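Below is a briefing on one protein chain, grouped by topic. The sequence and structure come before the notes.

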Amino acid sequence: MQSHLAEKMDAVNTLIRTRMASEHAPRIPEVTAHLVEAGGKRIRPLLTLAAADICGYQGDHDVRLAATVEFIHTATLLHDDVVDESDQRRGRPTANLLWDNQSSVLVGDYLFARSFQLMVETGSLRVLDILANAAAVIAEGEVLQLSVARNLGVTEETYIKVVRGKTAALFAAATQVGGVIAEATEDEIEALWAYGDALGISFQMVDDLIDYGDAADTGKNTGDDLREGKMTMPVILAIARAEGDDMAFWERVIGKGKVEEGDVARATEILHRTGALDTTRDRALEWSAAAKEALDLLPQGPLTDTLSDLADYVVARIS
């Protein structure tokens with residue numbers, strides 16, 4: 001990362017700590033700090049800062065927007081862990097486990113409110129429109145994922161809709177608003193959106209692979225997606241290729257939610273044997289390549305190279 005971008009990230013972290021404070025409810029910064037300071041990669045705020053810099057931005061609204069996207073992301077994580085009944089996030093106990101579901105939901109709501117305060121401070125209605133729309137699309141994606149859980153007939157097309165909502169929407173918005181505040185051309189703003197969208201889809205596909213033990217030391221419980229009945233890309237592909245005993249296995253584990261000891265290992269074996277993991281990895285690489293291709297339409301320089309490297313890093317987790 002370029003040194004001046006590192007300075008910007010320090011400013012983002014300072015602003016996050018300032019805005020997550022609460023005079024009347026000390027539990028808010030306690031819960032927020034547990035997640036925000038847990039060693040996350042800060043990919044989304046980095047996207048905003050890099051996009052603005054690439055397009056020549058000189059002000060400080062990029063710092064506000066970078067903090068905004070991190071608050072939106074953190075709020076969705078708090079809510080997701082309640083919905084998924086998760087007990088581990090980034091290798092640590094989840095907030096809902098340490099405190100309770102009510103605290104996680106309400107602190108998530110607080111962070112959403114803070115994020116809107118920050119984006120309003122930029123004075124840009126277009127920025128507000130982009131990020132407000134992204135927040136709505138994220139919720140839509142999560143609800144869609146919930147509604148198709150344990151449905152063995154889910155298609156890859158529906159999966160991409162889910163991923164575009166719950167993950168890629170914020171990646172795309174994070175890069176897009178960087179271009180907007182820099183007053184970039186419409187072609188450049190569209191390219192930034194396309195980069196973030198493709199990067200987000202690739203990122204989620206890699207996460208789907210990681211859930212079946214395709215990377216080490218992830219801070220994630222292997223097999224969570226299986227136990228929750230999530231129709232991720234590897235499972236969708238494996239079910240489409242399933243016959244006989246394999247199909248009966250998926251009907252019991254995914255369709256009926258009856259996960260027994262040893263089922264995660266068997267699911268992983270099936271995913272390997274049917275080539276579902278390899279195909280998902282190939283698709284993730286294709287989306288990563290699409291993200292890098294979108295960068296060709298942007299001003300070239302060290303930070304464009306940084307975004308290209310980020311697209312490689314996302315898939316390097318499972319390569």
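A contact means heavy atoms within 4.5 Å. Among contacts in the chain between residues at least 6 apart in sequence, 75% join residues at least 24 apart. The model is predicted: local features need pLDDT of at least 70, side-chain atom pairs count only at pLDDT 80 or more, and totals for chains, interfaces and linings use all residues. Residues are numbered from 1 along each chain as its sequence is written, and side-chain values use heavy atoms, with hydrogens and water left out.

**Overall**
- The chain holds 15 helices and 2 strands; helices (H or I, at least four residues) and strands (E, at least two) are DSSP runs, numbered from the N terminus.
- Of its 319 residues, 54% count as buried, where buried means under 20% relative accessible area, exposed over 50% and partly exposed in between (1.4 Å probe, protein chains only).

**Helix α14**
- The expected span of a helix is 1.5 Å times one less than its number of residues.
- For the 19 residues of α14 (residues 276-294) this should give 27 Å, and the end C-alpha atoms are 27 Å apart, which agrees.
- Buried residues in α14 include A284, S288 and A291.
- The buried residues of α14 pack against α9 (186-210), α11 (233-240), α13 (263-273) and α15 (302-316).

**Aromatic pairs and charges over rings**
- Rings of Phe, Tyr and Trp (its six-membered ring) pair if their centres lie within 6.5 Å; planes under 30 degrees apart count as stacked, over 60 as edge-to-face and the rest as tilted.
- By this rule there are 2 aromatic pairs.
- F171 and F203 form a tilted pair, 5.3 Å centre to centre with 45° between the planes.
- F171 lies in helix α8 (residues 156-181) and F203 in helix α9, so the pair ties together parts 32 residues apart in sequence.
- Both F171 and F203 are buried.
- F249 and W250, both buried, form an edge-to-face pair at 5.2 Å centre to centre and 70° between the planes.
- A charge sits over a ring if NZ of Lys or CZ of Arg is within 6 Å of the ring centre and within 35 degrees of the ring normal.
- R44 lies over the face of F203 at 5.6 Å from the ring centre, and the charged end of R317 sits over the ring of F203, 4.5 Å from its centre.

**Positive phi**
- Most residues other than glycine have a negative phi.
- R150, in the loop between α7 (125-148) and α8, has a positive phi of about 65° and is partly exposed, with a relative accessible area of 28%.
- E183, in the loop between α8 and α9, has a positive phi of about 55° and is exposed, with a relative accessible area of 73%.
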